[in-house]
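Hi,

Here is the structure I promised to pass along.

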Amino acid sequence: MSAAVAISGVGRTAAGDASRSAGAAVRAALTDAGTAVPDVDGLLASGIDGPSVADLFGFELRWRTGITDRREVGAAVVQAVDAVASGRVRAVVCVDVLPAPEPEPAADRFGRSGSASGWASWHAPYGAVDETVDVALQARAYIERFGLTRAELARVALVAAANAGRALSLREYLSAPMLADPLCVHDHAATAGGAAAVVLERAGSRPVEVVGVGAAYAVSPLPEQSPEPVSERAAAQLLPVLAGSSPGILLIGDEYSFHVVTWLEALHLCGAGAAAGVLASADTISRGGAFPVNPHGGHLGLGRRPDLDLAVEAVLQMRGDAGASQLAGPPDSSVVALGGSLSAGCLLLRRAG
């Protein structure tokens, strides 16, 4: 990056009407940053129509992007950071909205079956039309290659539940219904919804600096055709900045527990195939561990929220403003790692001054 960029303001709201939730989160982030509306000339919108957000606040924009696939938020935030660092814009508001789940309609037992075309036709005949199946296949391939056990993978869900103040035992985990082998119901976060926003600019009232970024996209819509995980390619761009040091905390998009495994290795916090050893010790990723993962509970502990909510939590932790989830002694640095099989983005944050 050619110039220092800071996250100067953050905001989050619970699930509700998309427009109102987004507006409340953006308003909170602007107030937190002390940034005036006329200073905002960039907007990243995910899960909501960007022009409607711009109209709501009266933003005069020079740069705008919208994300229709919620899995691309991490990589898109990196683009927003680059827009500020390059001097193209003064301040970018990034807002991410995830609607609360709605009741699923009853299945039509006598309806005509749908057809699949294009890339979907490779998976649809086998019933593999859900992201859960993609992640499960990746996890199964990893288990066959490196010997990760379900008891070791369970550590991710157990730590997440404990951080969120919930009790979950290994016995409960191992006896839970399966979604797609080897993932059970505790390996996938149920949707909770909400909105989150951050303000990116050159300076701010309480800045947390973005000192490194990384982003990558899969070479194919079929994850099995990618030569290496996108998390590895994204994290590779951060490694020179990390320079062998361990981040204070990790805020990882854990919609699926297996994503924590891939990011631990991508960030070189352990060697390839060595995540089992990390997860075997409860002290490594827990709140008091060497590198705490999602000390507030993350998606697995609290329910699936907007991915940008993890960046909000990272900033609050580093300021010492995270409330009940605050670690003893605000960390000086953090890594926010988002994305899964098709795209990934990560940020290295450090407290300024």
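Helix α1 covers residues 18–33, and its 16 residues reach 22 Å from first C-alpha to last, close to the 22 Å expected at 1.5 Å a residue (the expected span is 1.5 Å times one less than the number of residues; helices are DSSP runs of H or I, at least four residues, and strands runs of E, at least two, numbered from the N terminus). This is a predicted model, where local features need pLDDT of at least 70, side-chain atom pairs count only at pLDDT 80 or more, and totals for chains, interfaces and linings use all residues. Numbering runs from 1 along each chain as its sequence is written, and side-chain values use heavy atoms, with hydrogens and water left out.

The buried residues of α1 include A22, V26 and L30 (buried is under 20% relative accessible area, with a 1.4 Å probe and protein chains only). The buried set packs against β1 (5–13), α2 (50–57), β4 (91–98), β7 (194–201) and α13 (308–319), with contact meaning heavy atoms within 4.5 Å. Just after α1, G34 has a positive phi of about 70°.

Then there's D254, in the loop between β9 (249–252) and α9 (258–266). D254 is buried but has no salt bridge, and R304, the nearest side chain of opposite charge, is 7.7 Å away (a salt bridge needs a Lys or Arg side-chain nitrogen within 4 Å of an Asp or Glu carboxyl oxygen). What does the side chain of D254 reach at 2.8 Å? The backbone nitrogen of H299.

Cheers

How values were computed: Buried < 20%, exposed > 50% of the residue type's maximum accessible area, 1.4 Å probe, protein only. Lys, Arg positive; Asp, Glu negative; His and termini not counted. Polar contact = N/O pair within 3.5 Å; in protein donor to acceptor, adjacent residues only side chain to side chain.
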